[in-house]
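This note is intended for a colleague meeting the structure for the first time. The numbered points may be read alongside the sequence and the coordinates shown here.

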Amino acid sequence: MSLLVVGSVALDSVETPFGKVDDAVGGSAMYFSASASYYTDVRLVAVVGQDFPEEPVKFLEGRGVDLSGLHRTDGQTFRWKGKYGFDLNEAITLDTQLNVFGDFNPVLSDEYRQSEVVFLANIDPTLQLEVLDQVENPRFVAMDTMNLWINTKRDELEKVMSRVDMVVINETEARMFA
């Protein structure tokens, strides 16, 4: 059984009371793929820009993640900048730059369409719906989202939520959605 992961791979700049980092590897598809690779075969579909470092790609390759759906394209990688206080559950978004992620149009290969388990990592809910329409007979589908989509694409987000088996959001996002 292979797990299909479609969503964001990013470069994040994060500040907490304990430190600050710029251009750290981020994105829910990146972290979900890395974690899931310890338990199953993973197929990743995502887009990055020319500025995305090669080291995280090599890490995923080393974990056996199928990266034939990872596209590197001209432009800058999706970037998120945020700040956390002592409550690390609540992020304050300072800046979101979709960059190449804004033009992301995931088209699944015939093999990927056969995936039985799907994780719709953080992407525009319209794209999540398009991915769901491409997967032929999934047994289990989970999804992630973020404040940007809750605030700007609520109707589409509700449509996605009605078609999945599990929604993964943090407490702050749950309050925002409710």
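Predicted model: local features only at pLDDT ≥ 70, side-chain atom pairs only at ≥ 80, totals over all residues.

**Notes on the fold, the cores and the aromatic contacts**

1. The buried residues of α1 pack against β1, β3 (19–26), β4, α2 and β9 (140–144). Helix α1 itself covers residues 28–36, and Ser28, Ala29, Met30, Ser33, Ala34 and Ala36 are its buried positions.

2. Six strands make up an open sheet with parallel pairing, in the order β5-β4-β1-β8-β9-β10. Its edges are formed by β5 (66–73) and β10 (166–168), each of which pairs on one side only. From one strand to the next, the twist averages 15 degrees. Helix α2 (residues 54–62) packs on this sheet, where it touches β4 (41–49) and β5, and its direction makes about 165 degrees with that of β5.

3. Strand β1 (residues 2–6) and strand β8 (residues 117–120) run parallel and are joined by four bridges.

4. Strands β2 and β6 pair in the parallel sense over five bridges, and Val14 has Gly82 as its bridge partner in β6.

5. Which residues touch the most other members of the largest nonpolar core? They are Leu4, Val6, Phe104, Leu108 and Leu120, in a core of 27 residues. Two or more residues each come from β1, β4, β8, α4 (125–134), β9 and α6 (154–161). The most is given by α4, with four residues. Apart from this core lies another, of 22 residues, which includes Ala34, Ala46, Leu60 and Ala142.

6. Neighbours within four places in sequence aside, Phe104 is in contact with Val6, Gly7, Val45, Ala46, Val47, Ile123 and Leu127. Phe104 also forms one aromatic cluster with Phe78 and Phe101.

7. The aromatic pairs number five. In one of them, the rings of Phe18 and Phe86 have centres 5.7 Å apart and planes at 85 degrees, so the pair is edge-to-face. Phe18 lies in the loop between β2 and β3, and Phe86 in the loop between β6 (79–84) and β7 (91–97); the pair links distant parts of the chain, 68 residues apart. Both Phe18 and Phe86 are exposed.

8. A further pair is formed by Phe78 and Phe101. Their ring centres are 4.7 Å apart and their planes stand at 35 degrees, so this pair is tilted. Phe78 is in the loop between β5 and β6, while Phe101 is in the loop between β7 and α3 (110–113), and the two are 23 residues apart. Phe78 is buried, with a relative accessible area of 4%, and Phe101 likewise counts as buried at 6% relative accessibility.

9. Two contacts between a charge and a ring complete the note. Arg63 lies over the face of Tyr38, at 3.6 Å from the ring centre. The charged end of Arg154 is placed over the ring of Phe177, 4.2 Å from its centre.

Key: Residues numbered from 1 in each chain as written. Heavy atoms only, no water. Pairing = 2+ DSSP bridges. Axes fitted to C-alpha atoms, helices over the stretch in contact; angles between N-to-C directions. Contact = heavy atoms within 4.5 Å. Buried < 20%, exposed > 50% of the residue type's maximum accessible area, 1.4 Å probe, protein only. Phe/Tyr/Trp six-rings, centres within 6.5 Å; stacked < 30°, edge-to-face > 60°. Lys NZ or Arg CZ within 6 Å of the ring centre and 35° of its normal. Core = buried A, V, L, I, M, F, W, Y, C linked by side-chain atoms within 4.5 Å.
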